[in-house]
Structure formats: structure tokens, C-alpha cells
Amino acid sequence: IDVLDRDACCALIAPGGVGRIVFTEVRGPVALPVNYRMLGDNIVFRTAATSALLRALQHEQVSFEVDFLDDALAEGWSVLVSGSGDLIVDPVQLQRALKSGVTPWASGKKDDFICIKPSVITGRRIRR
């Protein structure tokens, strides 16, 4: 297992794709898959206004995990981003988020944008 530095981690997650937002609910830690894009150094994704995540953002830090696994080659990588998550309300930032092109796969109304501002980024790569 190789430990990845921050630059290597950022390069791996830069294209966007699918990751998991990790936060705490009353029942304990929850990890939900979301489609994301990078907006500068920040992670942006869309969610529903009624989501438990919006309530959790008021009280805690969040984490965001992205990985890639290749079963045939027995290799892959994982990046974990921890930081603050905020609902985007600033009109300028909201326009930038809209232009990022992040589109959720999940059905339903997902009009709210969340921005994760990383404070810690760690990663690992495993190769046979």
C-alpha cells in the first residue's frame, strides 16, 4: 500500500464522478453515493432540500470518499477528504456550481448544491 500525497489525491479526484458523502445522523455514520465535480479545490454535488445531510451540515464536519478498484488487476486507490460542508447560497457561487455540470443520477428534485471545503486530504493506492 502506497500513501498518496495531497497533490496525487487531488489529481485522482479532479475528473469528478461518483463519490460518497459521509456524515452523522441520529442512527450513526451514514455514507451516501453522489455525483460530484471539483470547483477549484472544493467538491460540489447536488441534493434534495429535505435531505438529512442538510440538517447534519449545521452541526459537524463531513468526509467525502472516492475510490477506484480493478478486480482483475487487484489494484486500486482511495481518497478521503474531510472538511466543512455548506449549502451554497451565494448567487455567484451558485452560478459557478450550476456551470460545473454536476448532474445527479438519482431521480427526484435535487436543486440544492453542497460545497465541501477540504481541510484534510489523504489517500492510498494498492497494487499487487
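Y36, F45 and F64 form one aromatic cluster. This is a predicted model, in which local features need pLDDT of at least 70 and side-chain atom pairs count only at pLDDT 80 or more, while totals for chains, interfaces and linings use all residues. Residues are numbered from 1 along each chain as its sequence is written, and side-chain values use heavy atoms, with hydrogens and water left out.

Now the rings. A pair of aromatic rings is described by the distance of the centres and the angle of the planes. Rings of Phe, Tyr and Trp (its six-membered ring) pair if their centres lie within 6.5 Å; planes under 30 degrees apart count as stacked, over 60 as edge-to-face and the rest as tilted. The structure holds two aromatic pairs. In the edge-to-face pair, Y36 and F64 are 5.1 Å apart centre to centre, with 75° between the planes. Y36 is in strand β3 (residues 28-39) and F64 in strand β5 (residues 62-70), 28 residues apart. Strands here are DSSP runs of E, at least two residues, and helices are runs of H or I, at least four, numbered from the N terminus.

Y36 has a relative accessible area of 1% and F64 has 0%. Both therefore count as buried, which means under 20% relative accessible area with a 1.4 Å probe, protein chains only. The stacked pair is F45 and F64, at 6.2 Å centre to centre and 20° between the planes. F45 belongs to strand β4 (residues 42-47), 19 residues from F64.

Next, the cores. A nonpolar core is a set of buried Ala, Val, Leu, Ile, Met, Phe, Trp, Tyr and Cys residues joined through side-chain atoms within 4.5 Å. The largest one has 23 residues, and I13, I21, F45, F64, V81 and I116 have the most contacts inside it. Helix α2 (52-57) is one of the elements giving two or more residues to this core, and α2 gives the most, with four. Apart from this core lies another of seven residues, among them I88, A97, F113 and C115.

Definitions and conventions
Buried < 20%, exposed > 50% of the residue type's maximum accessible area, 1.4 Å probe, protein only.
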